[in-house]
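This briefing covers helix packing, selected side-chain contacts and backbone geometry. Please read it alongside the sequence and coordinates shown here.

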Amino acid sequence: MRIGNRDFDTRHHTYIMGILNMTPDSFSDGGSYDSLDAALKRVETMISEGADIIDVGGESTRPGYTQISDEEEIRRILPVIREIKKRFDVPVSVDTYKSAVAQAALEAGADLINDIWGLKYDSQMGTVIARSGAACCLMHNRPEPDYDEFVKDCLKDLEETMTLAERAGIGKDRIILDPGVGFGKTLEQNLLVMKHLDTFNSFDVPVLLGTSRKSMIGLTLQTPSDQRVEGTLATTVMAVLAGVSFIRVHDILANRRAVIMTEAIRDV
């Protein structure tokens with residue numbers, strides 16, 4: 001799969017997407033990198049620790065988040081996108097579900113759009129992505145955790161997302177799917193996603209897993225967000241063994257080491 005100017009061997013390796021929140025209220029690191037200088041220093045650190053993609057977010061989507069305007073989201077992310085592309089040779093992803101924000105981000109140099117609503121929130125998102133030729137990550141989500149048969153329903157929802165992408169003209173070779181841990185799911189349902197991770201490979205596109213420091217880990221281990229590295233690493237190991245192509249994480253170096261160790265054992 002090609003993202004920006006880089007080819008990713010998604011069938012044989014798990015790559016690391018580093019999280020950069022340009023927000024004051026994200027659940028784990030809100031306010032830590034909301035100045036341009038702090039953000040760029042964080043990007044430099046993440047790349048040195050092994051991040052393959054930088055995912056820039058301008059609006060927190062933590063439970064109970066307050067939606068901000070397109071203009072405010074664009075104001076937060078555009079300067080850092082431009083500076084990352086100017087200073088570093090790394091693909092940039094933008095975490096947004098709004099087509100106007102996606103359009104502005106792509107024009108600023110973003111290489112991938114990471115849509116937490118899987119093209120189901122904004123009817124123009126698919127068109128914006130298709131016209132740009134950029135890659136996209138399309139996530140499973142529901143307004144409420146109401147399912148008949150949980151895993152089957154998740155797969156059906158993702159089938160709908162794939163259909164929307166096809167209708168918009170997004171090539172299958174530009175799509176990544178995310179099962180959406182922490183979105184529209186209870187603790188038990190999030191754990192079921194992890195248990196059945198390999199089933200999400202049935203669409204024959206790369207899969208991304210985003211579990212880093214999330215409530216699934218906090219509730220299971222009874223730990224605050226800054227003490228969830230070990231729980232995240234457990235999910236990273238499971239992701240590698242399930243054939244997941246990308247993990248979206250805060251703690252780059254620890255997760256990179258877990259990926260390398262797990263792949264060495266798997267491939268011996």
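The side chains of D95 and R248 are joined by a polar contact of 3.3 Å (a pair of N or O atoms within 3.5 Å; within protein, one must be able to donate a hydrogen and the other to accept it, and residues adjacent in sequence count only if both atoms are side-chain atoms). The model is predicted: local features need pLDDT of at least 70, side-chain atom pairs count only at pLDDT 80 or more, and totals for chains, interfaces and linings use all residues. Residues are numbered from 1 along each chain as its sequence is written, and side-chain values use heavy atoms, with hydrogens and water left out.

- D95 lies in strand β5; helices (H or I, at least four residues) and strands (E, at least two) are DSSP runs, numbered from the N terminus.
- D95 is buried, at a relative accessible area of 10% (buried means under 20%, exposed over 50%, partly exposed in between, with a 1.4 Å probe and protein chains only).
- Leaving out residues up to four places away in sequence, D95 touches D55, V56, G57, G58, E73, N114, I116 and R248, where contact means heavy atoms within 4.5 Å.
- H12 sits in the loop between β2 (6-7) and β3 (15-21) and is exposed, with a relative accessible area of 54%.
- The side chain of H12 has a polar contact of 3.0 Å with the side chain of D9.
- Not counting residues up to four places away in sequence, H12 touches E263 and R266.
- Between H12 and I129 there are 117 residues in sequence and 26 Å in space, C-alpha to C-alpha.

**Packing of α3 with α4**

- Two packed helices are described by the angle between their axes and the distance between the axes.
- Helix α3 (residues 99-107) and helix α4 (residues 125-132) have axes that come within 9 Å and cross at roughly 15 degrees; axes are lines fitted to C-alpha atoms, for helices over the stretch in contact, and angles run from 0 to 180 degrees between N-to-C directions.
- α3 and α4 are therefore roughly parallel to each other (angles under 35 degrees count as roughly parallel, over 145 as roughly antiparallel, 65 to 115 as roughly perpendicular and the rest as oblique).
- From α3, the contact uses S99, A102, Q103 and L106, and from α4 it uses M125, V128 and S132.
- By class, this contact of α3 with α4 has four nonpolar, three polar and no charged residues (Ala, Val, Leu, Ile, Met, Phe, Trp, Tyr, Cys and Pro count as nonpolar, Asp, Glu, Lys and Arg as charged, and the others, Gly among them, as polar).
- The buried residues of α3 are S99, V101, A102, A104, A105 and L106, and they pack against α2 (70-87), β5 (92-95), β6 (112-115) and α4.

**Packing of α1 with α2**

- Helix α1 (residues 36-49) packs with α2 at an angle of about 40 degrees, with the axes 10 Å apart.
- That angle makes α1 oblique to α2.
- The contact involves L36, A39, L40 and V43 of α1 and P79, V80, E83, I84 and R87 of α2.
- Its residues divide into seven nonpolar, no polar and two charged.

**Positive phi values**

- L119, in the loop between β6 and α4, has phi near 75 degrees, a positive value in a residue other than glycine.
- L119 is buried, with a relative accessible area of 7%.
- R213, found in the loop between β9 (208-209) and α7 (215-221), has a positive phi near 60 degrees.
- R213 is buried, with a relative accessible area of 15%.
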